[in-house]
Amino acid sequence: MTSPYARITGTGSHLPPRRLSNEDMVAMLAARGVETSDQWIVERTGIRARHFADDGVASSDLALHAARHALEAAGRSAADLDLIVVATSTPDMVFPSTASILQHKLGVHGCPAFDLQAVCSGFVYALVVADAMVRAGSARCALVVGAEVFSRILDFSDRTTCVLFGDGAGAVVLEASDTPGILASDLHADGRHLEILCTPGTVAGGKVSGQPLLKMDGPAVFKLAVGVLESSARAVLAKAGRSEADLDWLVPHQANIRIMQSTARKLKLPPEKLVCTVDEHGNTSAASVPLALDVAVRGGRIRRGDTVMLEGVGGGFTWGAVLLDY
Ligand code: UT7
């Protein structure tokens, strides 16, 4: 039986307990001869702290906590799931997928489970794929997760990147519904810009080949991000036949407060309608949007019936938006 819509019925998130303030980062980097400051990080990014997973804790472990919270909020159990999609660029292994590992940790077996890799746009991409599968009748109760341990791929000798990122996971349960739901989506990629944000390494011949540490040309990413976040926001509103005035909340990828505020200003959205968690989470890549969504839902800001825009942007170069009635 197919239903015309897919709707988020529960959200959840998880941050590893080890919190590093900017001052902790300053001290950690100073010990390596790398200079930074709380003032620079706050002024340029809005970040005040991030969380790092302890050794031995993998993306699937963070995902498991977030998934359990989302299932509980939806009033569902893992046995109800008939689809698991995990967006991650820091999978537990080369293979199998983190989604298969998560399925096993959830104690269920049989439903399709796969990873989706679109870096910081990963959760938005995964939600669009799950929405299409639910509306096509391939699934009725999907778990969509963004989970990352970016601390594992940071170059702590590069102050232009290592102060920006953190670890965490966010999840939603997406279910078939007769009422909307996800209203419209807009996804893009442009591989011409792959070098401005990449982790150029892999495994070959049983050895690490290349340099599997994150590299970013921050100003180039910043410039592209502000443009595509505005164009994607306008495109998704047009597809849904809605306007900026219909928006109750904007939940953008949490990379830099200045990028988020610029998008909100262009959409003429009052600052209080911008959901912002970058100060406490840093940039958690694919986990950032579902983490921020869950914080806003559990904090009582996003309520049933609100119109919400989710936006992702990141390596690839990839970007996209989802408009939904919560
Ligand atoms: O998740 C995917 C999406 N990612 C993003 O959206 C990130 C987009 N980019 C950004 O958020 C910003 O470009 C950054 C936060 C990465 C950098 O901010 P910026 O205002 O573009 O600074 P900048 O790279 O132009 O650097 C300005 C100065 C430089 O010094 P000089 O050359 O002017 O003397 C840097 O060396 O700031 C210096 N700098 C630092 N100083 C202290 C760079 N990193 C640091 C640091 N601490 N951690």
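Predicted model: local features only at pLDDT ≥ 70, side-chain atom pairs only at ≥ 80, totals over all residues.
Residues are numbered from 1 along each chain as its sequence is written, and side-chain values use heavy atoms, with hydrogens and water left out.

Visitor: How many salt bridges does the count come to?
Guide: Side chains of opposite charge can pair when their charged atoms come close. A salt bridge here is a side-chain nitrogen of Lys or Arg within 4 Å of a carboxyl oxygen of Asp or Glu. By this rule, the count is 13.

Visitor: Which residue forms a salt bridge with glutamate 175?
Guide: Glutamate 175 is buried, at 8% relative accessible area (buried is under 20%, exposed over 50%, partly exposed in between, with a 1.4 Å probe and protein chains only). Its closest N and O atoms in this salt bridge are 2.7 Å apart, and the partner is arginine 76.

Visitor: In which helix do glutamate 230 and arginine 234 both lie?
Guide: Their side chains meet in a salt bridge at 3.0 Å, N to O. Helices are DSSP runs of H or I with at least four residues and strands runs of E with at least two, numbered from the N terminus. The two residues are four apart, about one turn of the helix, and that helix is H7 (residues 218-240).

Visitor: Which residues do salt bridges that share partners join into one network?
Guide: Glutamate 230 also meets lysine 266 in a salt bridge of 3.7 Å, N to O, and this pair links helix H7 with helix H8 (residues 257-266), 36 residues apart. The network consists of Glu230, Arg234, Glu244 and Lys266.
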